[in-house]
Amino acid sequence: MRAHHNFIVRPRLPAPLAPLGVLALNLYWPRYYETAELFRCLSPELWEECGHNPVLFLRRLPQERLNAAAQDPYYIENLTQIYDPSWAAAHGLDGDAVIAYFSAEFGLNEALPIYAGGLGVLAGDHLKSASDLTLPLVGVGLLYRHGNFRQRLDSKDCQQEVYPFYDFYELPLELERDGDGNPLTVPVAFPEREVRVKIWKARAGRLNLYLLDSDCPENRETDRSITDTLYGGDLEKRIQQEILLGIGGMRALAALKLEPSVYHLNEGHSAFLVLEHIRRLQEKHGLDFATAFELAKAGHIFTTHTPVPAGIDLFPPYLMDKYFTAYYQSLGLSRHEFLALGRQDPNNQQEPFNMAVLALRLSSWANGVSRLHGQTARKMWQSVWPNLPAEEVPISHVTNGVHITSWVGEAMLKLFDRHLGPSWRENQAKEETWAPVAKIPDWELWQAREKQRHALIKFAREKLARQLLNRGAALKDIEEARAALDPEALTIGFARRFAAYKRPALLFHDGERLKQILSDSRRPVQIIFAGKAHPQDEEGKKLINYILTQSRREEFKGKIIFLEDYDLNIARYLLQGVDLWLASPRRPLEACSTSGMKAVLNGALHISTLDGWWDEAWEPETGWAIGRGEVYDDPLYQDAVEAKLLYDLLERDIIPLYYERDARGLPSGWLARVKKSIQAYAPVFNSRRMVEEYAGKFYLPAARLYRRLHENDQQRARELARWKKGVEDSWSQVRIEKVEGMGTENLEVGDNLSIRAIIALGPLKPEDVRVAVYYGPVDGKGEIIAGEKLFLPSCQDLGGGRYLYTASLPCRRSGRQGYSLCVFPYHEDMGQPYAMGLILWG
């Protein structure tokens with residue numbers, strides 16, 4: 001019988017254990033391993049059974065065990081040392097938020113399974129580092145009843161998806177309530193109905209993460225399931241989820257009395273928030289759309305993660321009409337004006353509505369997530385600024401980083417604590433912090449590495465045996481699984497989302513050669529795979545099946561294994577325990593990938609194609625590059641070339657270096673490379689540096705610009721909107737009448753080329769525009785390559801709206817050179833230099 005009334009009975013925590021209840025509701029406390037151990041030591045078996053969920057764990061733990069712990073002075077001393085109430089109270093756990101960080105997924109902890117992969121894990125690390133830095137930031141996302149799917153491998157080695165049902169009252173969550181104690185809900189208008197969403201709070205260190213849940217009794221049954229599954233359902237369900245995330249997320253913040261000035265969109269899933277921000281500003285301040293547009297845009301930051309168009313959410317016009325007709329009318333827009341906001345070509349009536357384009361058009365700052373991805377994103381979205389060369393497209397980059405203390409294993413953390421000094425955790429983004437790594441004794445480093453590898457092998461054996469048992473495998477196979485892998489062997493890891501471009505099967509390109517590598521009993525090598533394929537990615541599923549089939553070959557048995565249901569817990573064991581982390585994406589399709597960063601910080605070495613972060617990070621003395629970034633037209637040929645390079649590196653460099661031991665039995669050459677790798681990458685590829693960079697490049701400038709436009713009854717925003725309207729009306733009168741270079745016949749390296757340009761501005765003034773010359777070497781097609789830009793700051797008034805501009809171009813190199821002059825609108829209150837898309841070349 002269904003319960004008509006519900007209530008919660010909490011565990012009775014003895015007074016000395018009260019801090020344990022606070023820790024249970026916080027998904028990030030700075031000392032991760034020590035905090036987890038407080039729970040685990042009370043009942044190791046129950047801790048594993050509860051999936052490291054402290055709330056569920058405390059509810060299932062017998063009261064007698066809690067009472068006994070409360071009488072244990074050693075346990076209370078540990079609890080007191082780890083729980084420091086001043087750590088949260090010093091900055092206000094529930095302080096006013098200035099920055100709102102929106103993401104469709106967050107990977108903070110395996111106890112809250114609302115993540116699918118790298119995007120969510122990155123979002124989790126972002127929140128943790130924002131907490132460490134005491135940034136006034138709040139997270140906003142969706143709470144999925146089934147989370148991401150659980151992966152099960154059937155007897156035919158095929159992936160099957162299982163969708164568990166999570167009881168939110170048994171997760172580290174708190175339901176937000178109104179003044180009367182009822183669940184706090186906010187409405188979102190859908191066609192012919194209203195959908196209400198509840199708001200749950202997850203604590204992430206000093207910060208709060210608010211998660212929206214459509215499973216409200218007042219909603220239709222179909223609407224209650226909108227937030228049931230991460231990235232599940234059809235196109236209509238996707239738009240419903242993104243409406244709830246963007247529009248519902250904005251309304252949830254308002255209901256919580258939070259009014260951020262800066263909004264960070266982590267991918268385009270939340271892009272509808274920019275529209276709701278505009279609508280709220282119109283409603284609150286009585287602004288027209290143009291003025292509210294300028295004010296809202298000043299505070300928007302968009303981070304794109306995908307390097308391929310297929311990864312972008314596109315909604316057909318009929319679906320936009322269904323869900324947004326009344327909405328865009330309330331904004332004061334026509335259908336054409338509204339749909340143009342999300343179209344690369346605003347006048348193409350057939351083009352679908354593109355969430356990334358919406359985010360780009362309505363954000364003052366945009367970035368990719370690695371240096372190479374920034375270049376890829378500028379080319380990918382050049383059509384939004386069709387008159388700009390790709391390198392001038394206003395998309396920068398902030399390379400991702402990882403939250404070191406969440407990902408580095410306990411043995412390596414203790415090593416760092418001993419050798420890096422007491423303040424290394426607060427100064428991890430400084431090179432000098434990591435200099436002492438060079439002086440860590442080899443035996444200490446190797447001991448820490450061996451401890452983490454042994455923990456991985458123990459975990460992998462248990463996990464492999466358990467997954468075989470669940471499949472009904474033969475007892476012989478289960479016993480073999482418990483003896484699989486060699487704790488002393490060179491261990492290679494490959495774990496990530498299984499997609500064709502990541503090429504998980506590249507190692508198997510030449511089966512005989514791989515057999516030779518794995519068959520050397522003097523220098524044993526083993527490989528551990530893990531990863532999920534999207535439920536609709538049949539090619540990814542075939543790759544999982546292929547690797548599982550290969551692992552059953554007699555020559556690979558016990559040396560190649562696949563761990564099912566990849567999650568944060570499995571990731572930690574793998575990244576902390578492997579000796580070599582392998583990545584083999586097809587360049588330039590990997591936006592960043594942070595798994596390799598986590599592995600090297602644990603003392604593993606990295607081998608990858610030059611894609612994502614490795615393109616900017618690789619140095620010959622710190623790891624290995626598969627190729628040098630070549631891209632071939634034939635992908636099969638590329639696979640063959642790079643597979644051969646991979647085998648060569650393993651046979652010639654990696655395996656010999658690992659097994660070359662000194663008189664003490666230590667791989668001193670390998671460890672020297674490990675030390676250089678940690679020193680090179682730890683101060684750069686950490687999320688503390690990443691969040692500090694976001695703050696310096698985007699958050700602070702966005703907050704300042706938003707504040708400036710907001711002052712004095714939004715006066716500057718109103719003036720900016722009027723100015724833009726005037727420029728748009730006058731732009732047809734702007735002409736480049738004449739451009740000439742003086743003395744181009746006898747130029748030599750070191751000379752300067754004088755340029756004169758006459759520009760007619762019509763009714764505009766020189767302060768309304770920027771004039772620049774774009775110059776550099778010219779290729780055989782007449783295209784400027786590796787161009788540079790020089791602004792022409794001063795001019796001479798020739799009368800009649802005509803102005804003379806001059807410039808002097810340095811001739812730094814010989815050969816064929818070229819230049820073009822460009823004129824574009826400029827206003828100090830525009831956060832983006834080419835925001836209006838009006839650019840004149842000559």
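A charge is taken to sit over a ring if NZ of Lys or CZ of Arg is within 6 Å of the ring centre and within 35 degrees of the ring normal. In the structure considered here, which is a predicted model, K598 lies over the face of W407, at a distance of 4.2 Å from the ring centre. A further case is provided by R661, whose charged end sits over the ring of Y658, 5.2 Å from the centre of that ring.

Contacts between aromatic rings were examined next. A pair of aromatic rings is described by the distance of the centres and the angle of the planes. A search of the whole structure finds 43 aromatic pairs, one of which is formed by F102 and Y263, with 6.4 Å from centre to centre and 50° between the planes, an arrangement classed as tilted. This pair links distant parts of the chain, since F102 belongs to strand β1 (residues 99-103) and Y263 to strand β9 (residues 262-266), the two residues being 161 residues apart. F102 is buried, its relative accessible area being 0%, and Y263, at 5% relative accessibility, likewise counts as buried. The rings of Y694 and Y699, in turn, have centres 6.2 Å apart and planes at 20°, and the pair is therefore stacked; both Y694 and Y699 are buried. Ring pairs also join F272, F315, F324, Y327, Y328, F338 and F353 into a cluster.

The largest nonpolar core comprises 124 residues, of which F272, L275, F324, F338, W381 and Y699 touch the most other members. The greatest contribution to this core comes from helix α29 (residues 687-730), which supplies 12 residues. When neighbours within four places in sequence are left aside, F338 is found in contact with L275, M320, F324, Y328, L333 and F353. Apart from this core lies another, of 105 residues, which includes I440, I457, L468 and I544.

Strand β17 (residues 560-563) contains I560, a residue that is buried, with a relative accessible area of 2%. Beyond its neighbours within four places in sequence, I560 is in contact with F508, L514, L518, I527, F529 and S551. Helix α16 (residues 371-380) is mostly covered, with 7 of its 10 residues buried, namely L372, H373, G374, T376, A377, R378 and M380. The elements that cover these buried residues of α16 include β13 (365-368), β14 (396-397) and α26 (613-617).

Finally, the cysteines were examined for covalent links. A disulfide is a covalent bond between the sulfur atoms of two cysteines. With a cut-off of 2.5 Å between cysteine sulfur atoms, the count comes to 0 disulfides. In the case of C41, the closest cysteine sulfur is that of C50, at 15 Å, which is too far for a bond. C41 counts as partly exposed, at 32% relative accessibility, whereas C216 is buried, with a relative accessible area of 1%.

Definitions and conventions:
Residues numbered from 1 in each chain as written. Predicted model: local features only at pLDDT ≥ 70, side-chain atom pairs only at ≥ 80, totals over all residues. Heavy atoms only, no water. Buried < 20%, exposed > 50% of the residue type's maximum accessible area, 1.4 Å probe, protein only. Helix = DSSP H or I, 4+ residues; strand = E, 2+ residues; numbered from the N terminus. Contact = heavy atoms within 4.5 Å. Phe/Tyr/Trp six-rings, centres within 6.5 Å; stacked < 30°, edge-to-face > 60°. Core = buried A, V, L, I, M, F, W, Y, C linked by side-chain atoms within 4.5 Å.
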